[in-house]
Every structure is written in structure tokens, then in C-alpha cells.
Amino acid sequence: MEIKHEAEHEANELELCGVSLRIFERVGLNPTCECVRRHDEVDEVCGEDCNQPVTRMVAPLFEPEWTGSIVWPASTALSKVLSARFARLPGLVVDLGSGTGVAGLVAACLAHDESTTVILTDQKTLLPLLEYNIRANASKLQASVKSMALEWDANAAAAFLESCDTSAGVLILASDCLNGIYESNHASRLAETLHTLLTPQAHGRDTGIGRTALVSQTRRGSQAEDEFLQRCAHLELTVSQGETDEERDHRQLSGDGSEFAVDVWNITARGL
């Protein structure tokens, strides 16, 4: 992966899996003119065809607006597995905790046509960033792409599925969604959300079409990772490592050159 900062547009040019994306990071919503801008601590004129004053804000360290507005190594690892694994994507791709949208946008670029729908999901406060990155890459997207707020909760996931067409299969993506700095029960709630999305009978709809999840996770040795895997086992979700040696041993570089080990888990509901 090569990331080149392009100061003129305040975007990163990300070359990944044969796909070139323009990804904006650390941006916020201008409440005056609804333009998305980089977080900062200065007032200035927006300059995005509206000339309205804009107050830039710094996202608090480790808050969702901060952790969700950075391209993390696990998202690039997930994108590589996605590219290698799927010659054709299913009809619905859902990116959980999408953040900047990298994995979901790569999926949208790899899709054959708009018969595949990619939904980038995260907390409501991060939707402006996702929408901005969707627009920035619109000419390259082969799938139909949209963003939606989705809390990690079994009931919320069931309601979400009711609004989706799952008849042509479902692929769930999630990258670096487990971290000791997040709220205490997030790992269990992520597992429960995956269980609902992967188990048709859990919400009364069984199409007989396959469902699978690809979850990439930076190895941090945190309790959250153990809690997630234990909860998956309790919910009878099958978690396996990648299908090839390359998929099982990802080494990703961060922007400062540090190396991270990333696991990519394949998760399915047992019996499906």
C-alpha cells in the first residue's frame, strides 16, 4: 500500500488491491454550511463554493470521531483478503464500524455492477465523513453505495436487515472494531450484531443463500479480543483464520513505519 498526502485536497491517495481511492481522514462537519473539513483549531472561510465561516474542531483523542477517522492497518489487510478471496461479491455487503470507509469502498470498486449494494455503517457522528469519501470516489464505484447509522445491538441489526435485500447473499466486513479503549461491552455487542446478521432464522428470514463475515483485527492482546471470541463461541458462530498462509500472517505498516500483526477471521453461523 502506498499513501501519498495531497495537501491541495486534504486527502490521501491510497493505492490498494489495484484500486486508487481518495480518502479523507480526521474531518468534521461544518455546522454552518454542511461542508466536511479537516479537524483543526482555527476559524477560516470554508472556500467550498459557499464562503461561509467555519469553525474547525479537534476530535477528542480516542473518541469515536478520532478512532473512526483514521485509516488503520487492519482495514488495508481486510481489503487485500477481500480482493483475493472473492471473484464475485454477494448482493449485500455491510461494513460495520466503517470509519473512513476503506474496506467497504474497496468492495464497491471490486463489484461487477450495481446488483451489489454496499452499506457503510457507523455511529451517526461519522456519517458525514463516510458520505464525503463516497462522493470523492463516486466515479470508481461499481456497486450501489450508501451510508447508514447502525448501533451494535441484536435488535438494531434485525431492524436493519428488514430494510435490506438479502436474497443474493450477505458479506459482513469489520476492521479494528475491538480495542480496550472502547466501552466495556462493545466486544459482546459486536458478536451479537454479527450473529443476527449472519443467522437468517434469528430474524425470521431464511433465504438459503450464504452469509459470511470477514473481521480483521490488529493483535493488541486486549481483553476485548478474548471476550469477542468467547461470545462468538457462545452464540455458535464459527471463527476460523484465513484460508491461506498469506491470509493468516498479515504484516501491515502504519504511517510512521511501525509494523502491526493483523488477524483476519472468517466467521459464519454454524450449520449454514
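In this predicted model, helices α6 and α7 cross in the right-handed sense. The chain's secondary structure amounts to eight helices and 15 strands. Of its 272 residues, 51% count as buried. Among contacts in the chain with a separation of 6 or more, 69% are accounted for by residues 24 or more positions apart.

**Packing of α6 and α7**

- Helix α6 covers residues 186-198, and its axis comes within 8 Å of the axis of α7.
- The two axes cross at roughly 35 degrees, and the crossing is right-handed.
- On the α6 side, the residues that meet α7 are His 186, Ala 187, Ser 188, Leu 190, Ala 191, Glu 192 and Leu 194.
- On the α7 side, their counterparts are Ala 224, Glu 227, Phe 228, Arg 231 and Cys 232.

**The aromatic pair**

- The structure holds one aromatic pair.
- The pair is formed by Phe 228 and Trp 265, and it counts as stacked because the ring centres are 5.8 Å apart and the planes lie at 20 degrees, where the cut-offs are centres within 6.5 Å and planes under 30 degrees apart.
- Phe 228 belongs to helix α7 (residues 223-234), whereas Trp 265 belongs to strand β15 (residues 259-269).

- Strand β9 (residues 117-122) is mostly covered, with five of its six residues buried.
- β9 pairs with strand β8 (residues 92-96) in the parallel sense, over four bridges.
- Within this pairing, Ile 119 in β9 is the bridge partner of Val 94.
- Between β8 and β9 the chain passes through helix α3 (residues 102-110), and this β-α-β crossover is right-handed.
- β9 is also joined to strand β10 (residues 144-149), by six bridges, and these two strands run parallel.
- Val 145 in β10 stands opposite Val 118.
- From β9 the chain crosses to β10 through helix α4 (residues 127-136), in a β-α-β crossover that is right-handed.

**Burial of helix α3**

- The buried residues are Val 102, Ala 103, Gly 104, Leu 105, Val 106, Ala 107, Ala 108 and Cys 109.

**Backbone positions with positive phi**

- In general, most residues other than glycine have a negative phi.
- Asp 176 is not a glycine, yet its phi is positive, at about 50 degrees.
- Asp 176 lies in the loop between β11 (170-175) and α6.
- The relative accessible area of Asp 176 is 7%, so this residue counts as buried, given a cut-off of under 20%.
- Glu 236, another residue other than glycine, has a positive phi near 60 degrees.
- Glu 236 is found in the loop between α7 and β13 (237-240).

Technical notes. Residues are numbered from 1 along each chain as its sequence is written. This is a predicted model: local features need pLDDT of at least 70, side-chain atom pairs count only at pLDDT 80 or more; totals for chains, interfaces and linings use all residues. Side-chain values use heavy atoms; hydrogens and water are left out. Rings of Phe, Tyr and Trp (its six-membered ring) pair if their centres lie within 6.5 Å; planes under 30 degrees apart count as stacked, over 60 as edge-to-face and the rest as tilted. Buried means under 20% relative accessible area, exposed over 50%, partly exposed in between (1.4 Å probe, protein chains only). Two strands pair if DSSP finds at least two bridges between them. A crossover is right-handed if, with the strands pointing away from the viewer, the path from the first strand over the helix to the second runs clockwise. Axes are lines fitted to C-alpha atoms, for helices over the stretch in contact, and angles run from 0 to 180 degrees between N-to-C directions. A crossing is left-handed if the near helix is turned anticlockwise from the far one by less than a right angle, and right-handed if clockwise. Contact means heavy atoms within 4.5 Å.
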